[in-house]
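Hi,

Here is the structure I promised to pass on.

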Amino acid sequence: QQQLVESGGGLVQPGGSLRLACAASGFTLKTYALNWFRQAPGKERLEVSCVSSRSGTITYDDSVKGRFTASRDDAKNTLYLQMNNLKPGDTGVYYCALGPRCGAPGFWGQGTQVTVSS
């Protein structure tokens, strides 16, 4: 069964940190481009980061550069998103997704809620 299962979301104060995980089954993550997306109420979906399958290059939205770090653990077949210095604007549901290339997600996880609030 093919699945992407996100975990690690929660409520955190501004300036705090969270690490999201996306565990894959039925897929070999290193053969796909891997995305983190954020969906906030009333806002367009944002591509937070992408790990390229070919080069391993990781790209980030400007709003999270220097604060978020995406990584992939091939032994665990898991994608991570380390989020530091969180801001209220980072609030939303975070989804991992994979596809043939960055910007072309074809399979999604169920999402995990991140709320940044004092």
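What follows is a short tour of the sheet, the core, the salt bridges and one threonine.

Before you start, note that this is a predicted model: local features need pLDDT of at least 70, side-chain atom pairs count only at pLDDT 80 or more, and totals for chains, interfaces and linings use all residues. Numbering runs from 1 along each chain as its sequence is written, and side-chain values use heavy atoms, with hydrogens and water left out.

Let's begin with the sheet. Four strands make an open, antiparallel sheet in the order β1-β3-β8-β7. (Strands are DSSP runs of E with at least two residues, numbered from the N terminus; two of them pair if DSSP finds at least two bridges between them.) β1 (3-7) and β7 are at the edges with a single partner strand each, so one side of each has no neighbour in the sheet. From one strand to the next, the twist averages 15°, where axes are lines fitted to C-alpha atoms and angles run from 0 to 180 degrees between N-to-C directions. Inside the sheet, β3 and β8 are joined by six antiparallel bridges; in one of these strands, β8, you'll find Thr78, the bridge partner of Ala23.

Next, the core. The largest nonpolar core holds 24 residues, and Leu4, Trp36, Phe68, Leu79, Leu81, Met83 and Tyr94 have the most contacts inside it. (Such a core is a set of buried Ala, Val, Leu, Ile, Met, Phe, Trp, Tyr and Cys residues joined through side-chain atoms within 4.5 Å; buried means under 20% relative accessible area, exposed over 50%, and partly exposed in between, with a 1.4 Å probe and protein chains only.) Elements giving two or more residues to this core include β3 (18-25), β4 (33-39), β8 (78-83) and β9 (92-99). The biggest contribution comes from β3, with four residues. As for Met83, leaving aside residues up to four places away in sequence, its contacts (heavy atoms within 4.5 Å) include Leu18, Leu20, Phe68, Tyr94 and Val114.

Now for the charged side chains. The whole structure has four salt bridges, each one a side-chain nitrogen of Lys or Arg within 4 Å of a carboxyl oxygen of Asp or Glu. Which residues are linked in a network of salt bridges? They are Arg38, Arg67 and Asp90. Asp90 pairs with Arg38, their closest N and O atoms being 3.3 Å apart. That pair links distant parts of the chain, 52 residues apart: Asp90 is in the loop between β8 and β9, and Arg38 is in strand β4. Asp90 also meets Arg67, at 2.7 Å from N to O. Here Arg67 lies in the loop between β6 (58-60) and β7, so this pair ties together parts 23 residues apart in sequence. Asp90 is buried at 3% relative accessible area, Arg38 is buried at 9%, and Arg67 is buried at 9% too.

A further salt bridge joins Arg72 and Asp74, with the closest N and O atoms 2.5 Å apart. Arg72 is partly exposed at 30%, and Asp74 is partly exposed at 40%.

Finally, take a look at Thr112, in strand β11. Is Thr112 buried or exposed? Thr112 counts as buried, at 12% relative accessibility. A polar atom of its side chain lies 3.2 Å from the backbone nitrogen of Gly9. Among the residues Thr112 touches, not counting those up to four places away in sequence, are Glu6, Gly8, Leu20 and Tyr94.

Cheers

Notes
Polar contact = N/O pair within 3.5 Å; in protein donor to acceptor, adjacent residues only side chain to side chain.
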